[in-house]
Amino acid sequence: MVLVLGIESSCDETAAALVEAGADGHRRILAQIIASQEAEHAPYGGVVPEIAARAHAERLTPIIDKVLREAGKSLDDCDAIAATAGPGLIGGVMVGLVTAKALAMASDRPLLAINHLEGHALSPRLADPALEFPYALLLVSGGHCQILRVDGVGRYRRCATTIDDALGEAFDKTAKILGLGYPGGPAVEKLAATGDPFAVPLPRPLVGSGEPHFSFAGLKSAVMRAAESGAYAAEDIAASFQQAAVECLVDRLKIALADMGEVSALVVAGGVAANRTIRAALEQLASAHGLSFTAPPLMLCTDNAAMIAWAGIERLALGIGGDPLDISARPRWPL
Ligand code: KG4
Ligand code: ZN
């Protein structure tokens, strides 16, 4: 049995988790805490890096303590300490990584410096032991919008990325324009459920182009113009925006899937994967391509520490050992 403590602090969630795994495919989250900083950032309509870093510094140690107590474990029971080392807001990443270094040093356990995107990319395997490599991954969050072919741990081929905004950003901006507050994704989804998805003519940027990349800046501006025109109800704007987003995702994925070679499954991860309309459209697309479809449970879609611990477990299973204690936090770190 392997037990790993995971730490996540790259954006506005302070999180810790203990995950165990056995050779027989057994995997279990023994305890996890995700403390959201939503209330601190809400007045500013987005994450303020300085406030985030301070909040992580205040909360992280008590959260780790509580996770260990809840699971009835101590640091000595852990096989490694895994922490997000990037990409993300540098102040927050440093808080988590420095804490992990101190714990690793004090307990004489290896430090695993995890790429946050790798955490998202591998998280579906924590929930679904049957999910085998290679799979196609749509990673959609507030900071990222990518299509990857995942061939194995540490083996990722990026097939598409966004040329401007991430989709989560576009959801958050739409929420701001419609006065729905922060974070925007869940609020836009809720309002969209009551609107007409074809009421507002909105663009589908890059749809039809041969390269599978994304672009959402033009869609965001069109939402702004539609709202300013005063001609449409907020729920119709929300529903039409979500519809345009879904069509962009499906069209871009079709191009990427045609190009990436054989895969076993279509997998979606990242915060936007919590969106039920998007999940349903992707499930349909997967079935049309004869692929199985996997999305992690909602709690594992948005930022969390279980996915960081799990990425650490995947690395340990391959015999990839610890990172040096002088490893740096990386604000930018492509997969
Ligand atoms: O993965 P995540 O927690 O953090 C990043 O690494 O970015 O993703 C957060 C993003 C935010 O932009 C949020 O608005 C979006 O995911 N999101 C959603 C939904 N829930 C969260 N977007 C659309 N529909 C949702 N239900
Ligand atoms: Zn994330």
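Two residues are in contact here if their C-beta atoms, placed from the backbone, lie within 7 Å. Keep that in mind as you work through this predicted model.

**Exercise 1.** Find which residues G142 touches, leaving out residues up to four places away in sequence.

*Solution.* Start with the location: G142 sits in the loop between β6 and β7 (145-152). Next, apply the contact rule; the partners of G142 are A166, G168, E169, D172 and G271. Finally, look at the record: the unreviewed UniProt entry lists G142 and D172 among its "binding site" positions.

**Exercise 2.** Decide whether L139 and G142 are buried or exposed.

*Solution.* The cut-off for a buried residue is 20 or more other C-beta atoms within 10 Å of its own. L139, a residue of strand β6 (residues 135-140), has 25 such atoms around it, so L139 is buried. G142 also has 25 other C-beta atoms within 10 Å, and therefore G142 is buried. Beyond its neighbours within four places in sequence, L139 has contacts that include L117, H120, H144 and A269.

**Exercise 3.** Work out how helices α7 and α8 are oriented to each other.

*Solution.* First, take the geometry: the axes of α7 (residues 217-229) and α8 (residues 234-259) come within 11 Å and cross at roughly 165°. Angles over 145 degrees count as roughly antiparallel, so that is the description for α7 and α8. The handedness of their crossing is right-handed. Now list the residues that meet: α7 supplies L219, V223, A226 and A227, while α8 supplies I237, F241 and A244. Sorted by type, the residues of this contact are seven nonpolar, no polar and no charged.

Methods. Residues numbered from 1 in each chain as written. Chains lettered and ligands numbered in written order. Predicted model: local features only at pLDDT ≥ 70, side-chain atom pairs only at ≥ 80, totals over all residues. UniProt positions renumbered as here; feature names shortened; annotations may be inferred. Helix = DSSP H or I, 4+ residues; strand = E, 2+ residues; numbered from the N terminus. Buried ≥ 20, exposed ≤ 12 C-beta atoms within 10 Å, placed from the backbone. Axes fitted to C-alpha atoms, helices over the stretch in contact; angles between N-to-C directions. Parallel < 35°, antiparallel > 145°, perpendicular 65-115°, else oblique. Left-handed = near helix turned anticlockwise from the far one by under 90°. Nonpolar A, V, L, I, M, F, W, Y, C, P; charged D, E, K, R; others polar.
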